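Biologist: Thanks for sitting down with me. Could you walk me through this one, and tell me what lies behind each label?

Modeller: Happy to.

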Amino acid sequence: MNALPVFFISERGTNMNLVEKINQVKIKADTRISGADRAFCERQQRAYDAAREALRELDFTWTDCISQQKMILDGEQAYTYYLGNDCNLKTACFRDELERLHEHFINRLTSYFARTYSVDLSAQSITERLLPSNSSKGIFEREKAEEAEAAYHKAMRELALRYTDVLDQIFIQLGGRSFQERAFWEIQQRCCSAVWNTYKNEPQYVQQKDIIHFYCHFCSCDADWTPPRWSMTDRAKNVLWGVVHFETGSYTMVPAVLSDFFSYRDVRQACTDFHGYSKLRQIRLFKNGRMDIRFASSELAEQFIDIYLSAAYS
């Protein structure tokens with residue numbers, strides 16, 4: 001005889017399989033981030049927790065030390081105390097550091113995921129959502145403003161963030177996409193914005209066999225140098241990031257021959273050939289601001305348009 005499934009009945013009378021519910025929670029925890037990501041987050045969590053505890057202990061010890069100085073040197077000014085004057089350690093210095101700790105923790109986690117997966121994330125937005133707000137700035141009555149200020153600092157000192165709190169906000173910013181999906185979506189959006197003329201409501205490129213001609217302000221030429229030096233506009237770099245991903249599948253690693261197009265140095269030649277590449281063959285720059293990208297075939301040129309540029313029409 002088959003064993004009966006295990007159910008529990010909630011207060012609302014809903015039957016749920018407890019084992020399945022537990023498994024769903026585990027699956028969510030295991031699949032949101034990679035093992036390497038989790039190891040980084042847990043390491044940051046331990047460091048944050050240790051720093052938070054240390055600062056609380058230091059604050060208690062330092063406050064007690066200053067109180068002893070005040071008691072011993074009764075009636076004298078604070079600058080005569082034997083502690084705190086030379087090192088600029090005020091009574092609340094460790095409390096201030098404790099309050100800054102939370103934002104540092106958020107910034108560390110956010111910058112890691114933004115850098116690792118090449119996605120745009122706002123640490124400021126996460127900070128505003130997770131940290132207490134200081135309402136005292138909008139209160140004009142002095143006594144109430146001081147109470148609100150004290151309540152804010154108390155909440156900041158008692159706050160204990162978990163890395164999962166930050167992750168929840170990061171995934172909200174991803175808009176329901178995975179990191180990889182978001183990275184591709186962002187590079188696609190940048191490519192589309194670079195080639196779309198919003199005033200004329202038309203694309204600024206045209207395909208001719210295996211070449212895509214990008215016209216209007218994709219590069220500039222300084223002819224005062226010999227040979228002339230070329231500078232790439234931001235819109236050209238956005239398109240070239242698409243080319244890099246199309247060729248390599250990477251969002252961050254730029255092949256050596258392409259690196260000059262993204263650096264602060266000027267490009268020293270109008271025509272660059274790419275040997276040993278599977279899709280890219282040539283980039284040619286023109287004094288009127290046009291940029292031509294030649295692919296290995298007309299089919300690959302069409303694929304690049306379909307994958308990276310066609311969203312401009314939608």
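Biologist: How many helices and strands does the chain have?

Modeller: The chain has ten helices and eleven strands. These are DSSP runs, helices being H or I with at least four residues and strands E with at least two, numbered from the N terminus. This is a predicted model, where local features need pLDDT of at least 70, side-chain atom pairs count only at pLDDT 80 or more, and totals for chains, interfaces and linings use all residues. Residues are numbered from 1 along each chain as its sequence is written, and side-chain values use heavy atoms, with hydrogens and water left out.

Biologist: Why is Arg 43 called partly exposed?

Modeller: Buried means under 20% relative accessible area, exposed over 50%, and partly exposed in between (1.4 Å probe, protein chains only). Arg 43 has 44% relative accessibility, so it counts as partly exposed. Arg 43 lies in helix α2.

Biologist: And why does Lys 209 count as exposed?

Modeller: Its relative accessibility is 68%, so Lys 209 counts as exposed. Lys 209 sits in the loop between β5 (205–208) and β6 (211–214), and has a positive phi of about 60° although it is not a glycine.

Biologist: What makes His 217 exposed?

Modeller: His 217 counts as exposed because its relative accessibility is 52%. Its place is in the loop between β6 and β7, and phi of His 217 is near 65°.

Biologist: Which peptide bond is cis?

Modeller: The one from Thr 226 to Pro 227, with omega near -5°. Pro 227 is found in the loop between β7 (219–222) and β8 (229–232).
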